[in-house]
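Take a walk through the fold below.

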Amino acid sequence: MEASVIRTGTEGKTWGGGNEPLKASYGKMMMWFFIVSDALTFSGFLAAYGFSRFKFVDSWPIADEVFNHFPFLHGVDAPMYYVALMTFVLIFSSVTMVLAVDAGHQMQKGKVTFYMGLTIIGGLIFLGSQAWEWKNFIKGEYGAVTTTGGNILQFVNAEGERVSISDVAVPIASDRVAMGSSSGIWFSEGASLPTVSLEEVKSGFLANDNLLVRTQLLDENGHKTILSREESIQKLNLEGKGIVEGANLRQNEYGVPLFADFFFFITGFHGFHVLTGVLINIIIFFNIILGTYERRGNYEMVEKVGLYWHFVDLVWVFVFTFFYLV
């Protein structure tokens, strides 16, 4: 007795369900799979950031004070202005990508070329802005004193305005010498000395009655706690350990070192995605100019890279919200 076989008419085709499951090509489906997996990765990073911030909720750095620089406006307090501008540029590049995809559907090569070019320019501006932001974050502006407990002490005047440790310090003759290759047989390189010493900062602080110490702990209003003059002197003398200028993976003049660790890792990981997207967009851009997609009869490749670009922009919205606004 022969068994009956039911045929669907899709035998031999991709997945046995046709070449376009969910009415999407194989390439689009694979891009969606990548986006979902990468979204889970970013979700894990942001969740870890949230847990760490909750652990140090009483001493986490205030974003408005950390990211308050703006190009060519040195000394002007511009909290979050430049970060907001970066975000606008990246979102605008997502708009130009939408226009490029739409022009591709209409087979308008000139418009696709124009809008892809604008998208690339927007991505490059964002990457340059992020590099500038990293430079300022690493370099720092005011500096701080580290304590034996691993915290930091910052300085303010009687009006509560931040004061740089270089303005606090009074020069003292000392024998501080930065190590070099000629200082020891096995020495290759090491961290440079701070611009001022702890003794110079203490001496200058004691000589200026207008200065106060501000700790990294937040009060009930969400502001850093400012100590009285007597408490400031006691805190500085008993717990002052060293000088920190800027931020790196080991120490952070803005507060909890984990803040700098997450900043470098999360924004750096996102920046790597943007850089990858820009490089792919440049390749697609030259293919458009060469007429590759005109000969294929479609601009699906522009649409696929557009999905990736929109994902990168969406991730930045979450990074911006978690890291800068909350």
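Is the crossing of H8 and H10 left-handed or right-handed? The crossing is left-handed. This is a predicted model. Helix H8 covers residues 257-290, and helix H10 covers residues 300-325. Their axes lie 10 Å apart and meet at an angle of about 160 degrees. Angles over 145 degrees count as roughly antiparallel, so H8 and H10 are roughly antiparallel to each other. The contact of H8 with H10 has 20 nonpolar and six polar residues, with no charged residues.

The largest nonpolar core has 53 residues. Those with the most contacts inside it are Phe 67, Met 116, Phe 137, Val 302, Trp 316 and Tyr 324. At least two core residues come from each of H1 (26-55), H2 (63-66), H3 (81-105), H4 (109-139), H8 and H10. H10 supplies the largest share, 13 residues.

Beyond its neighbours within four places in sequence, Met 116 is in contact with Met 97, Ala 100, Asn 281, Ile 284, Phe 285, Ile 288 and Val 302.

Finally, the loops. Most residues other than glycine have a negative phi. Met 80, in the loop between H2 and H3, has a positive phi of about 70 degrees. Met 107, in the loop between H3 and H4, has a positive phi of about 55 degrees. Met 80 has 10% relative accessibility and therefore counts as buried. Met 107 has 32% and so counts as partly exposed.

Terms used. Residues numbered from 1 in each chain as written. Predicted model: local features only at pLDDT ≥ 70, side-chain atom pairs only at ≥ 80, totals over all residues. Heavy atoms only, no water. Axes fitted to C-alpha atoms, helices over the stretch in contact; angles between N-to-C directions. Helix = DSSP H or I, 4+ residues; strand = E, 2+ residues; numbered from the N terminus. Parallel < 35°, antiparallel > 145°, perpendicular 65-115°, else oblique. Left-handed = near helix turned anticlockwise from the far one by under 90°. Nonpolar A, V, L, I, M, F, W, Y, C, P; charged D, E, K, R; others polar. Core = buried A, V, L, I, M, F, W, Y, C linked by side-chain atoms within 4.5 Å. Buried < 20%, exposed > 50% of the residue type's maximum accessible area, 1.4 Å probe, protein only. Contact = heavy atoms within 4.5 Å.
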